[in-house]
Amino acid sequence: MRIATRKTVVRTSMERASAAGAPVVRRAFTGVGCAAAVLVTVAACGTVQNLTAGQKIDSAVEQLGEQKSLAFGMRLDADPDDLVALMGEDSEEVPPEMAEFFTGLRVDVSVKSKKPLAESGEKDIAGMGMKIAGDEGVFAEYRMVGDYTYYRADMEAIGEAMGMPFPTADELPESEQHLRPVLEGDWVKVNTADLQEAAEDAGAGSGAGGSDEIDAKTQKKILDAVRGVVAREVDFKTKDGKDGTEVITAKANFRDLLTGIVDKLQPLKGDLPPGAELPTAKDMKDAPNKKVAVDFTLKNGDLTRIETDLAVLADDPKGAKAPLVLTFGKADDISAPKGASEIPVDEFGGPFGSGMLGV
């Protein structure tokens, strides 16, 4: 009975830490993230006066796909007090420790392929990794190399940052000592094929079905559908940045852009993968009727940075700022860590849930 209780404590603690902030963070990031993605993808479809700036962004994005090694980083440059203020009523869901955790959080994704990334399939990927770090160091990291997924986490630091302490390794019963490396922050590994099978079984159990990918034909239909909307709603402006960089700002009214795109995508909703539901009329009515600006920084034609201020979409920002920053560069080390302990897939869990591995 003690064994089952201990496992439940470990796993539910991990899941609770992940779930507590997830709804709020999703609400904060989804809107602007969607707008930024749309602007990146269809930037070259602008009006005649915007064509040069749009083409530059489009060319820079295409160059990312031509790389065989790419790193993508994301962080929220906000003070904890500003984040709490912007959340409004949602701030009651997030303890102060978690607000500080998210504002100091950095997520870095690296990928290496045998082919240009735009042409790569699953079998072409030589390695993929994600690192989640804060001001105090790395909280969690995973790498997918060869047949295994490698994982490590500083459970004590995560628990302190989120105000939800995890059990320590010394509290594990003898029958669960195989979980000690997880709680001590050492590398562990899980067979990737087993992970994928477990994820598929979980999807089948929840009623999900079908592929979650959008095929090339549907992607083209989507781009064609939004072409006129972007040409009508988005304005581009160029200025010189620091160190020889060029900054191109794409600006549009968020509600008008979202409404126009959703209207154009309605005929294609049957071609979208399961779970990719379009916003409802109520969602669009509730969307901020404000201008959102996304800054693209280019150096020698390469896209190095994307930045937008999430605070502009708040009902009453009260002077708060919350810049969401995305950076691009070459991939870091994605080699297989030495000395990793193998654990069975049914014992695996991370501080953000094993669903993180499906990113």
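Strands are DSSP runs of type E with at least two residues, numbered from the N terminus. The exercises below use this definition on a predicted model.

**Exercise 1.** Locate Leu70 in the secondary structure, classify its burial, and list its contacts beyond four places in sequence.

Solution.
- Step 1. Strand β1 covers residues 69-76, and Leu70 is found in it.
- Step 2. The relative accessible area of Leu70 is 16%. Buried means under 20%, so Leu70 is buried.
- Step 3. With neighbours within four places left aside, Leu70 is in contact with Leu64, Val109, Ser110, Val111, Leu117, Gly329, Lys330 and Ala331.
- Step 4. One of these contacts, Gly329, is 259 residues from Leu70 in sequence, yet the C-alpha to C-alpha separation is 5.8 Å.

**Exercise 2.** Give the strand order of the open sheet and find which strands stand at its edges.

Solution.
- Step 1. The sheet is open and mixed in pairing, with 12 strands in the order β7-β8-β9-β10-β11-β1-β2-β3-β4-β5-β6-β12.
- Step 2. β7 (235-240) and β12 (341-342) each have a single partner strand, so they stand at the edges and one side of each lacks a neighbour in the sheet.
- Step 3. Helix α9 (residues 254-265) packs on this sheet, where it touches β8 (246-253) and β9 (291-299). The directions of α9 and β8 make an angle of about 75 degrees.
- Step 4. Within the sheet, β4 (residues 137-145) pairs with β5 (residues 148-153) in the antiparallel sense over 6 bridges. Met144 has Thr149 in β5 as its bridge partner.

**Exercise 3.** Describe the aromatic pair of Tyr148 and Tyr150, and state how exposed each residue is.

Solution.
- Step 1. The model has 4 aromatic pairs. In the pair of Tyr148 and Tyr150, the centres are 6.3 Å apart and the planes make 55 degrees, which is a tilted arrangement.
- Step 2. Tyr148 has 21% relative accessibility and is therefore partly exposed. Tyr150, at 8%, is buried.
- Step 3. Lys189 lies over the face of Tyr148, 4.5 Å from the ring centre.
- Step 4. Elsewhere, one aromatic cluster is formed by Phe101, Phe102 and Phe139.

**Exercise 4.** Is Glu233 buried or exposed, and which residues does it touch beyond four places in sequence?

Solution.
- Step 1. Glu233 lies in helix α8, which covers residues 216-233.
- Step 2. The relative accessibility of Glu233 is 19%, so this residue counts as buried.
- Step 3. Not counting residues up to four places away in sequence, Glu233 touches Lys251, Ala252, Asp256 and Leu257.

Conventions. Residues are numbered from 1 along each chain as its sequence is written. This is a predicted model: local features need pLDDT of at least 70, side-chain atom pairs count only at pLDDT 80 or more; totals for chains, interfaces and linings use all residues. Side-chain values use heavy atoms; hydrogens and water are left out. Rings of Phe, Tyr and Trp (its six-membered ring) pair if their centres lie within 6.5 Å; planes under 30 degrees apart count as stacked, over 60 as edge-to-face and the rest as tilted. Buried means under 20% relative accessible area, exposed over 50%, partly exposed in between (1.4 Å probe, protein chains only). A charge sits over a ring if NZ of Lys or CZ of Arg is within 6 Å of the ring centre and within 35 degrees of the ring normal. Contact means heavy atoms within 4.5 Å. Two strands pair if DSSP finds at least two bridges between them. Axes are lines fitted to C-alpha atoms, for helices over the stretch in contact, and angles run from 0 to 180 degrees between N-to-C directions.
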